Amino acid sequence: MADIDNIELRSEKTRQVIGNMPKGIVRYGTSVISLIIIMLLAVSYFVPYPENLKSTIVVTSTDDEILIRAYIPYSHINSVREGMCAEIEFEGYPAFEYGHCTAIIKQIDKKVHNYNDANYFIAYLIIKDNKGVIIYPDMTGMANILISNQCILKKLLSID
């Protein structure tokens, strides 16, 4: 029985082939993986990563210029600044039919306001293009405020 366990199943040439890695395949594989990583880094440098903040809005006046109140949560008050762009979708005017109205942040009130039993800061928006939407006082909707539009690589590396 001891003799059966000591039987060599492979010849010396077979063990030598199995034990050595083919150098061409290793070089080719390393080159392909390196090329894929370089291409991913290049693509991530050019592809933007827009960061948006969704906010509830209410129209406050419809005189000469339309003023809109946007409710900004606590966590984003330091990332929202005057002059930032926003896209607005009003209730009753779906974006797939009418498109998004464009607006700009005119002023930010850093006083805490209570809305729907939660505390928010208020940003006042001015409509630049209403896309044919008839706007009435006290209309509601949703605003997407563009906080940043950095590329993916800068976002991953936290570069400003």
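How many helices and strands does the secondary structure of the chain come to? The answer is five helices and six strands. The model is predicted. The legends below start with the whole chain and then move to single sites.

Figure 1. The elements run α-α-α-β-β-β-α-β-β-β-α. Along its principal axes, the C-alpha trace spans about 100 × 35 × 35 Å. The radius of gyration is 30 Å, whereas a compact globule of 160 residues would have one near 15 Å. Buried residues account for 26% of the 160 residues in the chain. Take the contacts between residues at least 6 apart in sequence: 66% of them join residues at least 24 apart.

**Figure 2. Confidence along the chain.** Mean pLDDT for the chain is 84. A value of 70 or more is reached by 92% of the residues. Helix 3, residues 23-46, has the highest confidence, with a mean of 92. Helix 1, residues 2-5, has the lowest, with a mean of 57.

**Figure 3. The largest nonpolar core.** This core holds 28 residues. Which of them touch the most other members? They are I68, I88, F90, L125 and I127. Six strands each supply at least two residues of the core: strand 1 (51-62), strand 2, strand 3 (85-90), strand 4 (101-115), strand 5 and strand 6 (140-148). In soluble globular proteins, nonpolar side chains tend to be buried together.

**Figure 4. F90 and its contacts.** F90 is one of the core residues that touch the most other members. Residues up to four places away in sequence are left out of this view's contact list. What does F90 touch beyond them? Its partners are I57, V59, I68, C101, I127, V133, I135, M139, T140 and G141. Two of these partners, I68 and I127, are also among the core residues with the most touches to other members.

**Figure 5. The aromatic pair Y71 and Y120.** The count of aromatic pairs comes to four. In one of them, the rings of Y71 and Y120 sit 6.0 Å apart, centre to centre. Is Y71 buried or exposed? Y71 is buried, because its relative accessible area is 7% and the cut-off for buried is under 20%. Y120 has a relative accessible area of 22%, so Y120 counts as partly exposed.

**Figure 6. The aromatic pair Y93 and Y98.** The ring centres of Y93 and Y98 lie 5.0 Å apart. The planes stand at 80°, so this pair is edge-to-face. Y93 counts as buried, at 17% relative accessibility. Y98 is partly exposed, at 34%.

**Figure 7. H113 in strand 4.** H113 is found in strand 4. Its side chain reaches the backbone oxygen of K111 at 3.4 Å. Setting aside residues up to four places away in sequence, H113 touches A118, N119, Y120 and I122.

**Figure 8. D138 in a loop.** Where does D138 lie? D138 lies in the loop between strand 5 and strand 6. Most residues other than glycine have a negative phi. D138 is not a glycine, yet its phi is positive, at about 65°. D138 counts as exposed, because its relative accessibility is 62% and the cut-off for exposed is over 50%.

**Figure 9. S148 in strand 6.** S148 is found in strand 6. At 16% relative accessibility, S148 counts as buried. Its contacts, leaving aside neighbours within four places in sequence, are Y49, P50, E51 and K155.

**Figure 10. Y45 in helix 3.** Y45 lies in helix 3. Y45 counts as partly exposed, at 44% relative accessibility. Apart from its neighbours within four places in sequence, Y45 is in contact with C151 and L153. How far apart in space are Y45 and A70, C-alpha to C-alpha? The distance is 32 Å, and the two are 25 residues apart in sequence.

Note on methods
Residues are numbered from 1 along each chain as its sequence is written. Side-chain values use heavy atoms; hydrogens and water are left out. Rings of Phe, Tyr and Trp (its six-membered ring) pair if their centres lie within 6.5 Å; planes under 30 degrees apart count as stacked, over 60 as edge-to-face and the rest as tilted. Buried means under 20% relative accessible area, exposed over 50%, partly exposed in between (1.4 Å probe, protein chains only). A nonpolar core is a set of buried Ala, Val, Leu, Ile, Met, Phe, Trp, Tyr and Cys residues joined through side-chain atoms within 4.5 Å. Helices (H or I, at least four residues) and strands (E, at least two) are DSSP runs, numbered from the N terminus. Contact means heavy atoms within 4.5 Å. pLDDT is the predictor's confidence in each residue, from 0 to 100. A polar contact is a pair of N or O atoms within 3.5 Å; within protein, one must be able to donate a hydrogen and the other to accept it, and residues adjacent in sequence count only if both atoms are side-chain atoms. The radius of gyration is taken over C-alpha atoms; the globule rule is 2.2 Å times the number of residues to the power 0.38.
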